[in-house]
Structures are given as structure tokens and as C-alpha cells.
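Welcome! Here is a short briefing to read alongside the sequence and the 3D view.

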Amino acid sequence: QARAGLESLQARCVARGEESDALRAQLAAERTAAEQALERARALAREIAALEGERAAVERRRRDAETRLQHEAAHEAQLEAELGRVGEQMELWAGQADELAARLDAAHDAEATAREEIRVHQARERELRDALRAADDRASRLAAQVQAREAVERGYEGFLPAVAAVMAQRARFPGVHGPLADFIASGAAPADVAAAEAFLGPLLQALVVDDLATARVLRAWFREEWTGGGSLLLLPLDAAPPAPAAAPAGLRGEREGAAWVAALLDGLVVLPEGDALADAAAARRPRVGPDGDVVDARGGVRLAERGAVGGILARREELLRLRAEHAAARAACDARLVERDELVEQLAAAEERARELGELRRTLAAELNRVEGENAAQAHRQGRLAREREEVQRVLAAARQEADTAARRHAEVLQRLEQLATSVGAADEAAQQARARLALLEARWDEARGEETELRVALARAEAELR
């Protein structure tokens with residue numbers, strides 16, 4: 001009976017041992033599962049922590065990108081505004097440059113016109129100077145001729161020596177008026193002057209005196225003092241004939257000798273053509289032919305010397321002509337002088353205008369250079385701003401891409417965190433279940449191990465009792 005009890009204990013002890021081995025194996029498996037569940041939970045926690053850190057970093061990157069976007073967008077807007085202002089300023093400078101260029105061209109053309117006007121005025125001034133010199137030379141020559149002829153007339157050259165001597169001492173003979181030639185009015189036709197010269201002949205040198213008393217004074221001088229020879233003709237005014245009926249047209253006397261001139265030329269006929277001797281007996285009027293032949297009122301004939309040079313009247317008419325030419329030459333010289341003075345004033349005005357236009361041209365050129373320089377500086381600034389805007393746009397594109405990437409990653413991290421949150425819950429529940437099972441198995445293991453110990457103690461006792 002004791003052996004049967006021992007065998008029963010041995011069988012129970014073996015069965016309990018097998019049961020303990022099974023529990024130990026199951027406990028080891030549960031412990032492994034629990035550790036795995038715990039490790040899974042820890043891994044999920046680490047991943048969540050990492051994702052939380054990444055989420056914060058991504059959020060910071062997104063915020064930084066958005067901040068850069070705002071900053072760069074503001075910078076881009078500022079650059080756009082600045083480029084707009086620069087463009088407007090460049091348009092303004094371009095407009096001013098065009099206006100200045102047009103004004104510069106106009107000033108250049110006006111200056112060229114003024115320079116051409118100066119050239120024309122200078123050429124004209126040289127012509128006028130030459131013409132004035134020629135006119136002045138001619139006037140001087142004529143003045144010299146007039147002075148020479150006037151000196152001849154004042155000295156009564158060509159007159160009888162006695163006449164010239166009396167006229168030289170005129171203050172001594174107050175009743176003497178002068179030779180008859182002095183009292184023939186000038187301005188007659190050359191043919192009438194030549195006719196009067198031929199007709200009057202020596203009478204042109206006859207002295208017109210107040211009266212016979214003056215004539216007696218001259219006679220006493222001529223006979224007692226004069227030694228130059230020759231003769232002396234006298235025409236006393238108190239013995240002058242009455243006024244004649246007719247005289248040749250254009251021939252007239254003047255002043256004191258007018259009566260004697262009219263009397264001596266009474267009825268004179270001046271033939272412009274034909275022969276004065278053709279009918280001398282029939283006419284009974286004094287006449288002068290075109291060749292200088294003279295027929296007097298009595299029918300006497302005085303033939304002119306062939307090729308004779310003009311006499312006193314012709315000489316005086318020549319003096320009048322020279323005086324007129326001299327006056328005309330002097331007037332022409334004065335007119336040239338006035339014209340030259342006006343031209344000099346015009347030349348000075350043109351030179352002043354050219355100087356002012358040159359100064360204006362230089363001022364406009366300097367202003368145009370300044371405006372073009374400003375425009376070039378603005379163009380350089382525009383290019384720099386455009387490049388800076390391109391760089392800002394590139395940074396903006398990169399910031400937008402960075403912000404988009406960060407936003408997408410943030411969304412991905414949030415989605416993964418949500419997934420992990422669900423997985424963490426499941427893992428925690430699995431770990432708790434594993435821990436609960438492990439606790440049960442450990443309790444059963446403890447209980448089984450206690451029972452096995454008790455059985456081994458009982459088996460040892462039973463074996464001891466059998467011995």
C-alpha cells in the first residue's frame with residue numbers, strides 16, 4: 001500500500017512536472033509576447049516623439065517660409081513700386097532729352113544761320129569798305145579838281161592880266177563888281193554856253209563897274225600904274241542899254257551884271273544845226289552856228305578857230321559839273337558810310353546773336369549731357385532693380401516651394417500621428433492584455449511550482465518511509 005501510494009505520488013509528481021514544464025514554456029512565450037508588446041508600444045512612443053519633433057520643425061519651417069514669403073512679397077512690391085517710379089522718371093528724362101535735343105538742333109541751326117549771316121555781312125562789309133575807299137578816293141580826286149579849278153577861278157587865270165590884277169586888288173576899287181562872265185547864270189545847255197562864249201568873245205572879260213566915275217578911276221590906274229600891257233574893257237552900269245526884248249532861252253544874267261548880259265545877248269539866235277552864213281544879209285539878227293561861227297546884228301562875220309578849246313564859260317560850267325559830281329560822290333560816300341555803319345551794327349548784332357546762340361547751344365548741350373547721364377544712371381538703377389526683383393522672385397518661388405513642402409510634410413506628419421495614436425492605443429491594450437495573461441500564468445506557475453514542491457517533499461517522505 002505504501003508502494004502504491006509512492007507510485008501514485010511519483011505519477012503525480014511526474015504529471016505536475018510536465019504541467020510545470022508546459023506552464024514554464026507558456027510563461028516564457030507570454031513573457032516574450034509581453035516584451036514584444038511593450039517594445040512595440042515603446043517604438044510607437046519613440047516614433048510619436050520623433051514625429052512630434054519633426055512636426056514642430058516642419059511647423060517652424062513653414063512659419064519661416066511664410067515669414068520669408070511675406071517679407072519677400074513686400075520687398076517685391078517695393079521693388080515694383082521703385083521700378084515704376086524709375087520708369088516714370090526715365091520717361092520724364094527721355095522727354096526732357098528729346099525736348100533738349102530738339103532745342104539743341106534749333107539752336108545749332110540758328111547759330112549756323114547767324115554764322116552764315118556774319119559771313120555774308122563780313123563779305124558785304126569788305127565790299128562796302130572797298131566801295132567806300134573807291135568812293136572816298138573819287139570824292140577826294142574830285143575835291144582836288146574842284147579846289148584846283150576854284151583856285152583858278154579865284155585867281156582869274158585865263159583872263160587878261162589887267163582884269164586879274166584889278167580883281168586881285170578889289171578892295172582898292174569898291175565900284176568894281178567883276179568880269180561879265182561872273183554874271184551869266186549857270187545851268188544853261190552846253191550849246192547855249194558855247195554860243196554865248198563864241199558870240200561875246202572878249203566881252204566876257206569886260207569889268208562891270210558901278211558908273212563912269214569908277215571907270216575913270218580904273219583908267220587912271222591902268223595908264224599910270226599898270227605896266228603889264230594889254231587892254232581893259234569896262235561896262236558901267238549907269239550906261240547900260242534898256243532891257244532888251246528877247247534873249248536866247250537858257251542864257252540869262254544875274255545880279256549887278258544882268259542888264260549888260262541881257263543887252264549884249266539881245267536877239268541872239270543859237271542855231272542847233274545848219275550854216276550861220278547861209279543867209280546873213282536877210283536875217284539881220286545876231287546868230288551863232290553849231291560850229292561857232294558868229295554873225296552880228298550888223299552882218300559882220302567872226303569865224304571860230306577850228307578845234308578851239310572851251311573858254312571861260314565852258315570852264316566854269318565844267319567847274320559846276322565837277323562840283324555836282326563831287327557833291328554826288330561825297331553823298332555816295334556818305335551813303336556808303338551810313339550803309340557800312342548800319343552793316344557794322346548788323347554785323348555786331350549778328351555776332352552778339354551768334355555768341356548768345358553759341359552760349360545757349362553749349363548750355364543746352366551740357367544740360368542734355370546731364371539729362372542723358374541721369375537717364376543712364378536711372379537705366380543702370382532700373383537694371384539693378386530688375387535683377388534684384390528677379391532674385392527676389394527666385395527667393396519667393398523657393399520660399400513658396402519650401403512652404404508648400406513644409407505644409408505637405410506637416411499634413412503627412414499629422415496624419416501619421418493620428419495613425420500612431422490609434423496604433424498606440426492598440427499596442428497599449430495588447431501590452432495590458434499580455435501583462436494580465438503573464439500575471440495569471442505567473443500565478444499558476446507559482447501555484448504549480450508550490451504543488452510540485454509539496455509533491456516532491458511528499459515523495460521524498462514516502463521513499464524514506466519505504467526504506
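F173 is buried, with a relative accessible area of 4%, where buried means under 20% relative accessible area, exposed over 50% and partly exposed in between, using a 1.4 Å probe and protein chains only. W221 is buried as well, at 5%. This is a predicted model, in which local features need pLDDT of at least 70 and side-chain atom pairs count only at pLDDT 80 or more, while totals for chains, interfaces and linings use all residues. Residues are numbered from 1 along each chain as its sequence is written, and side-chain values use heavy atoms, leaving out hydrogens and water.

**Aromatic rings**

- F173 and W221 form an edge-to-face aromatic pair, with 5.9 Å from centre to centre and 70° between the planes.
- Rings of Phe, Tyr and Trp (its six-membered ring) pair if their centres lie within 6.5 Å; planes under 30 degrees apart count as stacked, over 60 as edge-to-face and the rest as tilted.
- This pair links distant parts of the chain: F173 sits in the loop between α2 and β1 (176-179), W221 lies in helix α4, and the two are 48 residues apart.
- By the ring rule there are two aromatic pairs, and ring pairs join F173, W221 and W226 into a cluster.

**The whole protein**

- The protein has seven helices and seven strands; helices (H or I, at least four residues) and strands (E, at least two) are DSSP runs, numbered from the N terminus.
- Along the sequence, the pattern reads α-α-β-α-β-α-β-α-β-α-β-β-β-α.
- Of the 467 residues in the protein, 31% are buried.
- Among contacts with a separation of 6 or more, 78% come from residues 24 or more positions apart; contact means heavy atoms within 4.5 Å.

**Helices α2 and α4**

- The axes of α2 (residues 161-168) and α4 (residues 212-224) come within 12 Å and cross at roughly 115°.
- Axes are lines fitted to C-alpha atoms, for helices over the stretch in contact, and angles run from 0 to 180 degrees between N-to-C directions.
- On the α2 side A162, A165 and V166 take part, and they meet L218, W221 and F222 of α4.
- The residues of this contact divide into six nonpolar, no polar and no charged; Ala, Val, Leu, Ile, Met, Phe, Trp, Tyr, Cys and Pro count as nonpolar, Asp, Glu, Lys and Arg as charged, and the others, Gly among them, as polar.

**The three-stranded sheet**

- Three strands form an open sheet with mixed pairing, in the order β1-β2-β3.
- Because β1 and β3 (234-236) stand at the edges with a single partner strand each, one side of each is left without a neighbour in the sheet.
- From one strand to the next, the twist averages 25°.
- β1 pairs with β2 (residues 207-209) in the antiparallel sense over three bridges; two strands pair if DSSP finds at least two bridges between them.
- V176 has V209 in β2 as its bridge partner.
- Helix α2 packs on the sheet, touching β1 and β2, and its direction makes about 140° with that of β1.

**Helix α3**

- The buried residues of α3 (residues 190-200) include D192, E197 and F199.
- Just after α3, G201 takes a positive phi of about 60°.

**Q10 in helix α1**

- Q10 belongs to helix α1 (residues 2-154) and is partly exposed, at 32% relative accessibility.
- Q10 touches L459 and E463, not counting residues up to four places away in sequence.
- Although Q10 and L459 are 449 residues apart in sequence, they are 6.5 Å apart in space, C-alpha to C-alpha.
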